[in-house]
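Me: Hi! I'm new to this one, could you walk me through it?
Reply: Happy to, here it is.

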Amino acid sequence: MLDALVNNAYWLLYAGTVMEGETALLLGSLAAHQGLIDLVWVIVVAFAGATTGDQISYQLFRRFGPKMVERSETLQRRTKKARRLLAGHPLKFIVLSRFFWGLRSACMLALAASDVPTRVFAPANLLACALWATVVGSLGYVFSSWVTRIVTTMDGLSGRAPAVLAGIVAFLVLIVLARKAVLKFWRSRETL
């Protein structure tokens, strides 16, 4: 089973980053830290997948987005917030929105519904995806090192179950803290 995953790791990473990305990239970084795959290729493949997914989403949302927003109050709210952030700063918004975990669809809808043309979006999105893949992939790799040390320490103390639990809890805490930081940033921008 592990051999099959490792043999297809880059394809799985690509598919995962086309869809949304953070979880797939963090898992790829963990696999790289374990020596199963190469971190440089993890970052390159994540960049390619994120770029592909964003370009497809942007074009689909330009075509079908207005009807989707019209039918969903949640999307209306999120898109309205994203448009406020977008106003006057499209390049900055494109780059930063790549890091708005959980709000990518709303940001993409806002971009697609705005006056930002494809010729502006495409190169800015390439930069955003390159930064995202490098930063998140590298942080995932470093965090994997930290989790590995905790798990190794816990494993030496009292068996595997507590070590695995500690690793999972540490990973979940990091995700919750990152999400809170992003939401705090998002809310602070709302009040502007």
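**A chat about charges and the core**

Reply: Let's start with a pairing: in this predicted model, a salt bridge joins the side chains of Asp54 and Arg98, at 3.0 Å from N to O.

Me: Where in the chain do Asp54 and Arg98 sit?
Reply: Asp54 is in helix H4, while Arg98 is in the loop between H6 and H7. They are 44 residues apart, so the pair links distant parts of the chain.

Me: Are Asp54 and Arg98 buried or exposed?
Reply: Both Asp54 and Arg98 are buried.

Me: And how many salt bridges does the structure hold?
Reply: The structure holds 1.

Me: OK, switching to the core. Which residues of the largest nonpolar core touch the most other members?
Reply: That core has 22 residues, and the ones with the most contacts to other members are Tyr58, Phe93, Phe100, Leu111, Val116, Phe121 and Trp186.

Me: Which elements give two or more residues to this core?
Reply: They are helix H4 (39-71), H5, helix H6 (90-97), helix H7 (104-113), helix H8 (118-158) and H9. H7 gives the most, with 6 residues.

Me: Now the surface. Which residues form the positive patch?
Reply: Arg77, Arg78, Arg179 and Arg187 form it. Helix H5 (73-86) and helix H9 (160-190) each supply at least two residues of this patch.

Me: Where does Arg77 lie?
Reply: Arg77 lies in helix H5.

Me: Why does Arg77 count as partly exposed?
Reply: Because its relative accessibility is 49%, and exposed would take over 50%.

Technical notes
Residues are numbered from 1 along each chain as its sequence is written. This is a predicted model: local features need pLDDT of at least 70, side-chain atom pairs count only at pLDDT 80 or more; totals for chains, interfaces and linings use all residues. Side-chain values use heavy atoms; hydrogens and water are left out. Patches are made of residues with over 30% relative accessible area and no salt bridge: like charges are joined within 9 Å, nonpolar side chains (Val, Leu, Ile, Met, Phe, Trp, Tyr) within 5 Å. Accessible areas come from the Shrake-Rupley method with a 1.4 Å probe; for residues, only the protein chains shown count as cover. A salt bridge is a side-chain nitrogen of Lys or Arg within 4 Å of a carboxyl oxygen of Asp or Glu. Lys and Arg count as positive and Asp and Glu as negative; His and the chain ends are not counted. The place of a charge is taken as NZ of Lys, CZ of Arg, CG of Asp or CD of Glu. Helices (H or I, at least four residues) and strands (E, at least two) are DSSP runs, numbered from the N terminus. Buried means under 20% relative accessible area, exposed over 50%, partly exposed in between (1.4 Å probe, protein chains only). A nonpolar core is a set of buried Ala, Val, Leu, Ile, Met, Phe, Trp, Tyr and Cys residues joined through side-chain atoms within 4.5 Å.
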